[in-house]
Amino acid sequence: MSLIHEIDFGTPRSKAEKMVTLTIDGQSISVPEGTSIMRAAMEMGTQIPKLCATDMVDAYGSCRLCLVE
Ligand code: FES
C-alpha cells in the first residue's frame, strides 16, 4: 500500500516569466512575479497555516488565517 503525498502550495503557480527575489525569515528565494508569499514560503519549506487557500483555485482570502508580517 502506498500513499501519494501532494503538496498544496496555497495558491496557483504564477505564469510570469520575470523572476523576483524576496526574503522570508532571513532566507532568499526567487519566484515568478505575482507569486503569493504563501506559495513562495511553501516552495522554500516554510508552511503558513491556512484554511481556505489551495493551489487549485485563485486566492480569495475569506478566512484570514494566513496573516503574515
Ligand atoms: S488561508 Fe488565507 S485567507 Fe484563508
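Predicted model: local features only at pLDDT ≥ 70, side-chain atom pairs only at ≥ 80, totals over all residues.
Colleague: Which residues is R39 in contact with, leaving aside its neighbours within four places in sequence?
Modeller: To place the residue, R39 lies in helix α1. Once the neighbours within four places in sequence are set aside, the residues in contact with R39 are F9, T11, P12, R13 and D55.

Colleague: Which residue meets R39 in a salt bridge?
Modeller: The two side chains come to 3.1 Å, taken from N to O, and a salt bridge requires a nitrogen within 4 Å of a carboxyl oxygen. Both residues belong to helix α1, and because they are four residues apart there, about one helical turn separates them.

Colleague: How many salt bridges does a search of the whole structure find, and which residue forms one with K18?
Modeller: The search of the whole structure finds two salt bridges. In the one formed by K18, the closest N and O atoms are 3.8 Å apart, and the partner of K18 is E33.

Colleague: How many residues apart in sequence are the parts that K18 and E33 tie together?
Modeller: The salt bridge between K18 and E33 has one end in the segment before β1, where K18 lies, and the other in the loop between β2 and α1, where E33 lies. K18 counts as exposed at 53% relative accessibility, while E33 is partly exposed at 38%. The pair therefore ties together parts whose separation in sequence is 15 residues.

Colleague: In what pattern do the helix and the strands follow one another along the sequence?
Modeller: The chain holds one helix and two strands. The strands are β1, at 19–24, and β2, at 27–32, and the helix is α1, at 37–43. Read along the sequence, these elements give the pattern β-β-α.

Colleague: What is the phi of D25, which is not a glycine?
Modeller: D25 sits in the loop between β1 and β2, and with a relative accessible area of 69% it is exposed. Although D25 is not a glycine, its phi is positive, at about 50°.

Colleague: Where does R64 lie, and what is its phi?
Modeller: R64 lies in the segment after α1 and counts as exposed, at 68% relative accessibility. R64 is not a glycine either, yet it has a positive phi of about 65°.

Colleague: Which residues form a nonpolar patch on the surface?
Modeller: One of them, Y60, lies in the segment after α1 and is exposed, with a relative accessible area of 53%. Together the members of the patch have about 370 Å² of accessible area, and they are M56, V57 and Y60.

Terms used:
Residues numbered from 1 in each chain as written. Heavy atoms only, no water. Buried < 20%, exposed > 50% of the residue type's maximum accessible area, 1.4 Å probe, protein only. Contact = heavy atoms within 4.5 Å. Patch = residues over 30% accessible without salt bridge, like charges linked within 9 Å, V, L, I, M, F, W, Y side chains within 5 Å. Areas by Shrake-Rupley, 256 points an atom, 1.4 Å probe, with all protein chains shown as cover.
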